[in-house]
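Me: I've got a model open and want a quick tour. Can you walk me through it?

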Amino acid sequence: MNVGVGSAVVTKTINSTGNASVQLTSVTSSNALEFAIVGGTCTAGAYVNPTQSCTVQVQFTPAATGARSGQITIVSNGLGSPQSFAVSGTGQTGGAGTPALTMPSATNFGTVSVGASSSVVAKTISSTGTAAAQITTVTSSNPSEFAIVSRTCTDGATVNPGSSCTVSVQFSPAASGARNGQITVTSNGTGSPQSFAVSGTGQTVAGSPALSVPASANLGSSAVGVQTAGTQITINSTGTASATITSVLSSSASEFPIVGNTCGVVVAGSNCKVTVAFRPLAAGARNGSITVTSNAPGSPHTVSLSGTGTSVAPTANKVTVVEYFNAGFGHYFMTADTDEITGLDGGAYNFAFLRTNRAFNAWNGPTAGTVPVCRFFTTPGTFGTKSSHFYTANPDECEVLKSNPNWQYEKIAFYIAVPVGRHVPGRDDARLPDVQQRADQRPEPPVLDRLPHLPGLHDDEGLGGRGHRILFAAVRSAAFGNMSA
């Protein structure tokens with residue numbers, strides 16, 4: 001690099017390879033004048049979870065000619081701290097030449113329908129100076145509508161005098177009317193940063209709604225009186241305008257209950273899902289239907305439902321659900337999985353999870369009077385360095401979270417009994433003092449206010465209602481706490 005001229009920013013990745021989170025104390029340069037730390041996510045106080053990483057961004061600006069070097073040092077609570085990596089470069093005298101870039105003229109993409117995309121236009125950036133120009137960055141001021149889809153003017157690229165590089169842009173209007181943006185090029189050339197304008201017009205095209213609804217769905221088999229977790233039926237919006245679904249009704253809510261429904265206004269090209277459970281009232285072939293009413297042609301649409309009731313309930317064993325607590329994250333975790341219990345008791349995750357000595361009984365499969373409990377885990381990085389599990393026995397909530405990018409569905413953790421009146425089936429076998437102790441430790445009201453009541457559960461029903469609700473509230477409290485941290 002020429003003396004006094006900054007290089008392109010180089011990003012270095014630091015990986016966490018242990019089995020516990022690493023906390024960074026400091027990230028420093030031994031030669032900050034020439035090798036400056038200009039950004040990155042490896043900052044003092046940051047946590048890096050196992051298998052995750054952070055970045056350090058360094059820029060070289062030689063203060064003299066010849067070989068230049070330095071060290072980037074990271075201090076943490078990890079093994080081998082402090083740790084370093086070397087940085088180096090060569091300073092040179094710039095000579096008589098001057099780098100310069102010439103931007104292309106403004107580009108108008110014309111009129112494009114909202115939601116559609118224009119053809120890609122390549123714009124040429126020429127090196128018109130007497131010395132090579134080095135590109136640092138190329139950015140769009142409105143990337144959602146004027147996206148840079150490809151470029152040879154890449155970060156760090158050198159464009160020699162008389163040569164050129166290209167930036168390819170595509171217009172995708174998000175709304176009707178005039179739309180504008182700027183493509184900005186930063187370099188070591190005269191007048192940097194430099195920009196050229198991009199513009200276009202969005203046009204709303206009238207369309208008509210249409211729905212593609214499956215003709216039938218087989219919900220499988222289940223023992224008489226045992227409700228399945230549910231089968232998803234996907235309804236596609238295939239028209240050129242949004243379709244509005246006003247109702248989705250079951251012909252037999254007792255045998256084919258609708259336990260999840262994301263349908264409402266369905267944008268053209270997207271879909272919604274209706275989840276139907278099966279709870280046979282008798283053995284043998286069972287039939288029903290759901291009716292979908294909308295503003296689309298052919299409404300109402302009917303989906304034929306079928307299933308088979310079996311007289312013998314599937315085998316389900318009573319299991320113990322063990323509760324753990326991670327003090328570092330403030331994270332509760334519950335499991336009836338023997339492999340998970342053995343691993344955590346044996347020191348998995350560096351003994352970060354310890355038993356709370358609280359447990360309760362559940363089932364490892366569906367049986368009469370039970371519902372499945374869905375288990376979710378936060379998507380890595382969504383909530384920074386924090387993470388949490390989330391449990392719900394509410395089928396609507398389970399289906400909504402499956403499409404939430406902040407949460408990833410893991411599995412059905414176990415099955416719990418549904419209260420009947422004021423009695424919880426199997427409550428005499430449950431470890432009620434432990435559950436009652438958890439129920440007495442009520443989360444703060446703002447958390448409870450966000451929790452939906454399960455059907456038939458009320459605070460005035462004693463342990464039969466409050467115990468179940470607060471048991472899940474305790475786990476939700478930990479999840480909400482991490483989400484807001």
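Me: How many aromatic pairs does a search of the whole structure find?
Reply: The search finds 11 aromatic pairs. Rings of Phe, Tyr and Trp (its six-membered ring) pair if their centres lie within 6.5 Å; planes under 30 degrees apart count as stacked, over 60 as edge-to-face and the rest as tilted. This is a predicted model: local features need pLDDT of at least 70, side-chain atom pairs count only at pLDDT 80 or more, and totals for chains, interfaces and linings use all residues. Residues are numbered from 1 along each chain as its sequence is written, and side-chain values use heavy atoms, with hydrogens and water left out.

Me: Why is the pair of Phe109 and Phe146 called what it is?
Reply: The planes sit at 50° with the ring centres 6.0 Å apart, so this pair is tilted. Phe109 belongs to strand S9 and Phe146 to strand S12 (residues 146–151), so the pair ties together parts 37 residues apart in sequence. Strands (E, at least two residues) and helices (H or I, at least four) are DSSP runs, numbered from the N terminus.

Me: Phe109, buried or exposed?
Reply: Buried, with a relative accessible area of 13%. For Phe146 the value is 0%, also buried. Buried means under 20% relative accessible area, exposed over 50%, partly exposed in between (1.4 Å probe, protein chains only).

Me: Which cluster do ring pairs link?
Reply: Phe109, Phe146 and Phe171.

Me: And what about Phe360 and Phe414?
Reply: They form an edge-to-face pair, 5.8 Å centre to centre, with 80° between the planes. Phe360 is in strand S28 (residues 353–363) and Phe414 in strand S31 (residues 407–417), so parts 54 residues apart in sequence are tied together. Phe360 counts as buried at 8% relative accessibility. Phe414 does too, at 1%.

Me: Back to S9. Which strand does S9 pair with in the parallel sense?
Reply: S9 (residues 107–113) pairs with S16 (residues 194–203) over 5 bridges. Two strands pair if DSSP finds at least two bridges between them. Thr111 stands opposite Thr201 in S16.

Me: How does S15 run against S16?
Reply: Antiparallel, with 9 bridges joining S15 (residues 177–187) to S16. Gln182 has Ala197 in S16 as its bridge partner. The hairpin has 6 residues between the strands, and there Gly191 takes a positive phi near 85°.

Me: New topic. Which residues touch the most other members in the largest nonpolar core?
Reply: Ile235, Ile245, Val276, Ile290 and Leu305, out of 21 residues. Strands S18, S19, S20, S23, S24 and S25 each supply at least two residues of this core. A nonpolar core is a set of buried Ala, Val, Leu, Ile, Met, Phe, Trp, Tyr and Cys residues joined through side-chain atoms within 4.5 Å.

Me: What is Leu305 in contact with?
Reply: Leaving aside neighbours within four places in sequence, its contacts include Ala217, Ile233, Phe256, Val276 and Ile290. Contact means heavy atoms within 4.5 Å.

Me: Where is Glu255 found?
Reply: In the loop between S20 and strand S21 (258–261). Glu255 counts as buried at 5% relative accessibility.

Me: Last one. Where does pLDDT stay under 50?
Reply: Over residues 427–485. pLDDT is the predictor's confidence in each residue, from 0 to 100. Where it is low, the predicted coordinates should not be read in detail. The protein averages 82, and 84% of the residues score at least 70.
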